[in-house]
Amino acid sequence: MLSMEQEAESEFQAVDDEIAPIIEGVENLDISPAEKEFRDVLIRCVNKVTSISLGKRFRDLQLAAKDLRDVLRDKQRFDAEVIRNLVLVILREGCTSGKPSTIEQCIDFINRLIEHGYIGGSSAPNYRIDNSLERTTEIVNLVCSGMRTQEDSVYLRVLQALLSLVKTSDSGVHGNAMLTSIRTVYSVYINAQTESVRTSARASLDQIMEVVFGNLEKDLSVPEPNPEEVSVSVKQGDQENAENDSFFVRDAYLLFRALSRLASTEDDPAASSSSNNTKSKLLALDLLLQIVKRYRAVLAGNDRFVHALRHHLAPVLVHNGMSIYMSVSSAALSIVDVLIAEPSLRPVLKYEIGTLLDTVVIRYINSPSVSVPRKRRSLETVRKLFASQKALVELFVNYDCDYHEQSIYESTMKQLCSVLETSQKSTVRTPGSTDSDEQKEVAAGAATGNVLVKLETLDTIATAMKSMREWSEPLESNDKDSYDKGAESRYGSVDSRDVMQSSEKLNIKTFDKGDEREAEHFESAQERKRQVGEAVALFNKKPTKGVQLLISRVLMNNEPERVAKFLTSFTGLDATAIGEYFGEGDPFAVSVMAAYTDLHDFSGVRFDDGIRQYLSKFRLPGEAQKIDRIMEKYASRYCECNPMTFASADTAYVLAYSVIMLNTDAHNPQVKNKMSKEAFIRNNRGINDGEDLETALLEELYDRIVSNEIKLSGTAKDKKSDEALQAALEQSDVKLSSERTKIFKAESELLLQRTKVEFEKRKASPQSYDYYRARNIHLARLMFNVSWEPVLAVASQHLSEAQASDEKQINTCIQIFQDSITIAVTFGMDTESLRFVEELMDVQKRELRVSAKHVQCMKTVVNMIAYEGESLQELYVSIVKSASMIELIRALGTGDKSCFLRDSNAILPNRNEENGSSLQPTTMSSAPESEGTAQQTSPVKGTSRRNSGKRVISVKAVEAVAEVPPALTMRLFEDTSGRSLAGSVNTTSLIRGVNRC
């Protein structure tokens with residue numbers, strides 16, 4: 001008996017012996033070179049497969065191979081269709097055999113056929129194996145089946161074959177076959193055991209993306225978009241199934257949607273951040289990032305991809321922006337950064353960008369439940385936004401000047417300033433001796449993280465001020481003739497769902513870049529929004545007075561129906577306050593509630609579903625009398641829409657009230673003894689004009705209420721829910737990572753639910769909006785006007801409290817002051833410019849020590865005269881004093897004191913003692929920069945005395961003054977024409993001020 005190894009070797013030798021004469025015979029056939037090559041390739045590839053596919057389980061494969069050889073060596077029996085079928089049998093048997101080596105060889109067989117154009121090629125159409133879509137799809141599926149081996153060597157063959165199929169196929173791997181190919185390459189990346197295979201898989205994915213979207217670009221011939229003239233082609237139709245699109249468009253859309261779905265999987269709290277699920281999300285987000293960055297012209301210019309951005313990508317970014325894993329959240333924010341920065345995408349994604357900024361960026365900046373890394377990543381996104389002048393100004397114009405939207409710029413600046421105020425009030429606990437090493441490490445890490453957050457927040461504010469200052473530079477230079485008269489794009493009536501409601505394009509309007517009248521339009525809009533905000537805030541506290549203010553300021557009309565529509569559609573109104581108002585006995589409030597009720601059509605709607613719909617916009621008040629009024633009107637309206645359901649409206653009213661009681665009983669955790677089904681049926685006996693309602697109706701009603709609570713819509717603003725969450729936050733210890741994660745998750749789930757519902761609502765119900773392109777210089781004045789006060793407060797506070805070693809903090813604060821004063825002076829905002837200068841002057845006076853920080857303040861104050869001396873006349877004496885102090889320090893530092901030593905309290909530091917330099921010691925004593933309190937060391941060794949009202953000038957101050965050009969201080973007294981800039985300043989006061997210096 002032969003062993004299995006000997007039997008296999010014998011079969012292998014038999015196959016080898018059989019193949020040699022076949023190859024020789026094919027070479028001797030009198031056929032065309034193309035056909036000869038075709039036969040030769042097949043014979044050699046089949047030989048490699050059969051040589052390692054021995055045994056009974058490969059009998060069908062061997063039989064098909066034998067039949068194929070017979071056909072190939074006989075000129076008369078050559079039949080292309082027979083050959084195709086036999087090749088597919090061999091590949092099918094080999095790829096499904098489960099033997100890794102056979103599968104690998106079969107996939108290599110496919111690769112060879114692709115290389116020679118026999119699969120996916122056009123050079124030899126008569127010899128193509130995949131001469132139909134079905135065969136192409138089968139070949140793709142056979143290659144993808146190699147994933148089952150979980151062998152890296154097979155994975156590499158799979159990658160090579162799929163990439164070749166996508167890149168070289170003339171007829172194309174499209175639709176489901178294309179998606180299957182990408183999913184397989186994607187799975188190889190996730191499941192590969194070695195880094196080299198993962199690298200190959202990632203490279204393959206990148207190349208496939210390039211092929212799919214490159215074909216799309218060629219098909220659509222999309223030019224690079226002009227940021228000033230972006231328009232969207234508007235069509236009607238279902239963007240999920242647009243039949244008129246080419247297969248290039250469908251492929252790219254399917255790929256984009258598939259990646260969005262891969263990125264939308266739920267986080268697994270039990271898994272780690274390195275789990276396959278997390279790796280999959282990160283890969284999908286990274287691929288989406290590359291698509292958005294590289295193919296923005298296609299995405300912005302095609303309505304189908306605008307639809308994909310709005311309804312596939314945006315919800316994914318919100319979902320992943322709230323991920324419990326920082327790596328996932330950061331990846332989502334990277335895409336947000338691109339959407340905000342791209343001028344062609346901002347107009348078509350106005351609502352989505354606003355939602356993203358509000359939900360996954362701004363809310364993280366100052367939330368106590370958010371970790372330091374997440375805060376820093378949010379600050380990075382805001383800083384990038386603020387660094388782009390155009391994006392920043394458009395943000396302000398389209399959100400802060402639109403009362404339908406959140407005031408994103410203003411709220412962001414307030415949050416940033418709140419972070420700095422909080423950082424000053426909070427103190428980091430010093431680890432005690434009994435603390436564990438881990439506790440000490442956590443405390444140290446928290447301290448370091450808070451310092452970084454503070455510095456980055458200051459830098460973000462400074463970035464905003466710098467962008468506004470640069471935006472206003474044409475006015476600053478007073479060169480109004482050099483204004484660019486380019487177009488200001490105003491986008492009107494844009495459908496926020498798919499830009500598909502009509503065939504019109506977006507409108508373009510032309511404005512003068514320096515025309516202040518355009519800014520006045522937005523100033524009026526901003527004022528209107530402020531008035532709306534005040535009315536909404538009053539309504540949320542006192543509904544009746546709030547409605548009166550809304551009518552007088554906003555609606556300008558007291559029609560109950562119009563008031564009802566506004567109350568239930570405007571974002572920001574509290575659902576509890578709406579319910580309280582609807583329950584009031586005031587005649588106008590009753591008419592508004594009745595108008596709201598009449599807006600609903602309950603025809604054919606189940607009774608409890610009608611209540612759900614009715615109560616989705618407001619919370620029922622707590623008083624029974626108010627509930628009576630509301631439910632009585634609901635019952636009347638329901639019976640009006642369904643006249644044959646109940647005997648009378650009284651029946652519907654009693655049943656509605658009973659349903660509300662059941663809902664409270666079933667879903668209130670404080671109720672221990674729940675109402676039974678029998679009790680519910682018993683309570684509603686005889687309510688239908690003395691008759692009982694059908695038992696089946698009441699039983700079904702009971703089951704639906706118990707299993708599905710009647711509650712507010714997820715988009716409704718409700719202070720009771722917010723108060724409950726805030727109470728949980730206050731009771732928890734947010735310093736603990738576990739508690740912080742728990743609270744963060746609760747916040748995110750509530751917000752995510754609201755956002756999802758709002759996205760679905762906007763998808764189902766198109767809304768129009770305006771989008772304005774930012775070009776007007778005067779918009780910077782409006783922006784500065786809403787943010788300068790909190791900015792001044794935090795900049796002044798952090799500059800005053802900065803120590804000599806806090807150079808970055810000092811420089812950033814000084815930069816904020818410089819840019820703010822420049823903006824204020826540029827736009828003639830005298831009050832604001834004076835406030836900033838006064839604060840700089842106060843910083844100088846708060847300490848006896850004159851340090852480098854104070855010299856920077858003096859320099860900034862003096863430098864402002866170069867812009868507009870007349871606007872600062874009220875502080876001219878103080879400014880001259882600053883200039884004189886600079887020159888005094890310069891004189892003391894150089895030793896030339898003859899003209900400036902009028903202040904006997906000035907103390908010159910001893911450079912020998914401070915720096916160890918070779919200068920001769922003076923009679924003055926040392927004043928080290930690092931001391932917190934000004935002290936003077938006595939010449940008698942070992943004694944010291946504290947200065948009383950004397951100014952101590954540090955060596956750092958002397959060094960800083962040396963960098964101040966002397967010509968700077970001379971600007972105070974003479975301009976370029978030799979005329980005194982002091983103007984009408986009282987000469988006596990000026991001299992007295994200089995002498996005091």
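Biologist: Which residues form one aromatic cluster?

Modeller: Happy to! Please keep in mind that this is a predicted model, in which local features need pLDDT of at least 70 and side-chain atom pairs count only at pLDDT 80 or more, while totals for chains, interfaces and linings use all residues. Residues are numbered from 1 along each chain as its sequence is written, and side-chain values use heavy atoms, with hydrogens and water left out.

Your cluster is made of F582, Y596, F602, F607, Y614, F618, Y634, Y638 and F646. Rings of Phe, Tyr and Trp (its six-membered ring) count as a pair if their centres lie within 6.5 Å; planes under 30 degrees apart are called stacked, over 60 edge-to-face, and the rest tilted. In total, the structure holds 31 aromatic pairs.

Let's look at one of them. F213 and F305 make a tilted pair, 6.5 Å from centre to centre with 55° between the planes. This pair links distant parts of the chain, since F213 sits in helix 9 (residues 195-220) and F305 in helix 13 (residues 303-321), 92 residues apart. Helices here are DSSP runs of H or I with at least four residues (strands are runs of E with at least two), numbered from the N terminus.

F305 has another partner: with Y253 it forms an edge-to-face pair, 6.2 Å centre to centre and 65° between the planes. Because Y253 lies in helix 10 (residues 247-262) and F305 in helix 13, the pair ties together parts that are 52 residues apart in sequence. Y253 is buried as well, like F305.

Now for the charged side chains. A salt bridge is a side-chain nitrogen of Lys or Arg within 4 Å of a carboxyl oxygen of Asp or Glu, and by this rule the count comes to 45. One of them joins E138 and R92, whose closest N and O atoms are 2.7 Å apart. E138 is in helix 6 (residues 133-144) and R92 in helix 4 (residues 80-95), so this bridge ties together parts that are 46 residues apart in sequence. E138 is partly exposed at 23% relative accessibility, and R92 is partly exposed at 32%.

Another salt bridge joins K384 and E380 at 3.2 Å, N to O. Because they are 4 residues apart in helix 16 (residues 372-387), about one helical turn separates them.

Finally, R606 and D609 form a salt bridge with their closest N and O atoms 2.9 Å apart. R606 is partly exposed at 44%, and D609 is partly exposed at 24%. Through salt bridges that share partners, R606, D608, D609, R612, E700 and R704 are joined into one network.

Note on methods: Buried < 20%, exposed > 50% of the residue type's maximum accessible area, 1.4 Å probe, protein only.
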